[in-house]
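Work through the exercises below with the sequence and the model in view. Each task is followed by a solution in steps.

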Amino acid sequence: MKDVRIRFAPSPTGTPHIGNSRIALFGWLFARKNKGKFILRIEDTDQSRLDPDSLQKIYDILKFLGLNWDEGPGEGGDYGPYIQSERLDLYKEYAHKLVQKGYAYYCFCTKERLEELRIDQQKNKQSPKYDRKCYGLSQKEIDQNLKRGVPYVIRLKMPDNEVLKWNDLVQGNIEINSSVCDDQILIKSDGYPTYHLAVVVDDHLMKISHIFRGVEWISSTPKHIVLYRSFGWKMPEIAHFPLILGKDRSKLSKRHGAKSVLEYKDEGYLSEALINFLVLLGWHPKDDKEILSREELIKKIDLKGVQKQNAIFNLEKLDFLNAYYLKQKSSSDFALLLEEYLPELSFDQRMIAAQLLKDRITKLNQARDLIKFTFEDIDYSVDLLLGKAEKNQAKQMLESAKKIISKIPSQDITLDQIDKLQKIMLEEIKKNNWKTGDFFMVFRSAIAGAKITPPILESLMILGKEKSLERLDVALGKLNKS
RNA sequence: GGCCCCAUCGUCUAGCGGUUAGGACGGCGGAUUCUCAUUCCGUCAACCGGGGUUCGAUUCCCCGUGGGGUCACCA
């Protein structure tokens, strides 16, 4: 395969959702695998739905996932501009060529008429379709209308009853009869092209070799086939990817809590986890090895492994993958990642936190709740403090812990000291015939005000000696008062 | 509704005429452990239904059923 050129062509009409990002990922992987080019093109032909923030979000998502583009906004390239609103003249020019050749025609029907037509057809249980009222217009009528400035659109004349087929790289052979397709509007009355014209013109002019897109585009592919044929252009290879569905099996939407990649990023999901997860949603490696790095993915990705079925988004697997990749991080990398979530801690403290948290969180934003007792005030009830222990015994335990900790020579507590601390405590537990679990539970509650914490002795390294003793005193006070 | 596509554990999937139907996530059970986790071990769990074709169908064909997509001057 030579000169592989794949574009990702989002439209800036809102926050791009995760299904779109997944197709971008497939395109990028496939381009990289084949030493081709990955091209970003912005399809902003719908003026009414433009969302000014979404362009930046598109860039941010691609950057976060590491899907760099070789041509496109910010990168340039030989086939620009890569923003469709800057190519308007091109689309008009090509649309008029089609009109001249008789493959397209002017239509002066108003939106109101089209709306009435549609309602009528629906009433009669016909599928809504333009009735070609303007198809037979004479050149004279057209010229008159044009001269009078009557708003117009340009429509593609679809063949009447022809089976249009193509070999889809994912879906296999698909046949659709042209008669089920409407005479698609190519140029809107505001002078902007519709998706169908723009995508065909640009894909051809930009020498796109493979079109990767979602299955929702299958039913408009016949229009594109006719367009390519009318222009006399060769059709790129085309692959329609399955959709990501919500838990109720319908197209993923905000109702399912469907989020953009950016939102997952904010929650503390790693790009390598997201990539691994997304690629597994609709693709499967031959050897069943599911944990895959970006490099392995580039090597192994193939269209044969792409499913035809839609896939249901399941968070559990994403969480598993994220937890896995989090565990793979070195402590210093993890500490760096933690900065955003634990700004109160120094880097050294975050290094300690990293070791304590790495094995027990699935996403970064869970870090804070687990470790905040080391830098925030705590509050808890005597009941929590006692747990299963008896009051006097709990007192003895805390007194003993206090004694042991107060013997630490410095304010800072080191790992060596923690080891010693543990030894001494275990001896003490044995001597008093306590249960190890009981002792640590009381101790944990006094230190953290919680029953679930990272290893409590190691946590002391962040808390420091002075605060640790303070907390033991507070706990003792609570017991005395109760 | 018309058209198009799809159908293996709860989920993601392997399988491409003969398999004890495999893996992963999750679930459940156990071991380790100061809690929670991690780690390790074990375990439950699926071929949508009906017809064909065939010596033999999860696999091929047809029909149901179910699911999805699409029918805009939106992409």
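A residue is buried if 20 or more other C-beta atoms lie within 10 Å of its own, exposed if 12 or fewer, and partly exposed in between, with C-beta atoms placed from the backbone. The model is predicted, so local features need pLDDT of at least 70 and side-chain atom pairs count only at pLDDT 80 or more, while totals for chains, interfaces and linings use all residues. Residues are numbered from 1 along each chain as its sequence is written, and chains are lettered from A and ligands numbered from 1 in the order in which they are written. Helices (H or I, at least four residues) and strands (E, at least two) are DSSP runs, numbered from the N terminus.

**Exercise 1. Backbone exceptions**

Task: Find where N433 and D288 lie, and state whether each is buried or exposed.

Solution. Start from the general rule: most residues other than glycine have a negative phi, and most peptide bonds are trans.
- Step 1. N433 is not a glycine, yet its phi is positive, near 65°. N433 sits in the loop between α17 and α18. N433 has 6 C-beta neighbours inside 10 Å, so it counts as exposed.
- Step 2. D288 also has a positive phi without being glycine, near 70°. Its place is the loop between α9 and α10 (294–300). With 6 other C-beta atoms within 10 Å, D288 is exposed.
- Step 3. For the peptide bond, look at G80 and P81, which are joined by a cis bond with omega of about -5°. P81 belongs to the loop between α2 (54–65) and α3 (88–101).

**Exercise 2. Helix α5 and its end**

Task: Determine how many of the 10 residues of α5 are buried.

Solution. 
- Step 1. α5 covers residues 139–148, and the number buried is 0, so the helix lies largely in the open.
- Step 2. Past the end of α5 comes G149, with a positive phi near 80°.

**Exercise 3. Two helix pairs**

Task: Describe how α9 packs with α11, and how α16 packs with α17.

Solution. Two packed helices are described by the angle between their axes and the distance between the axes. Axes are lines fitted to C-alpha atoms, for helices over the stretch in contact, and angles run from 0 to 180 degrees between N-to-C directions.
- Step 1. α9 (residues 271–280) and α11 (residues 315–328) pack at about 140°, with axes 8 Å apart. That makes α9 oblique to α11 (under 35 degrees is roughly parallel, over 145 roughly antiparallel, 65 to 115 roughly perpendicular, the rest oblique).
- Step 2. α9 gives E272, A273, N276 and F277 to the contact, and α11 gives K317, L318, L321, N322 and Y325.
- Step 3. α16 (residues 391–406) and α17 (residues 415–432) pack at about 145°, with their axes 11 Å apart.
- Step 4. Q396, S400, A401 and I404 of α16 meet L421, I424, M425, E428 and N432 of α17.

**Exercise 4. Around RNA strand B**

Solution. A residue is near a strand if its C-beta atom, placed from the backbone, lies within 6 Å of it.
- Step 1. Of the 64 residues around RNA strand B, S189, K251, F320, R360 and F440 come nearest.
- Step 2. The largest share, 5 residues, comes from α18.

Definitions and conventions
Contact = placed C-beta atoms within 7 Å.
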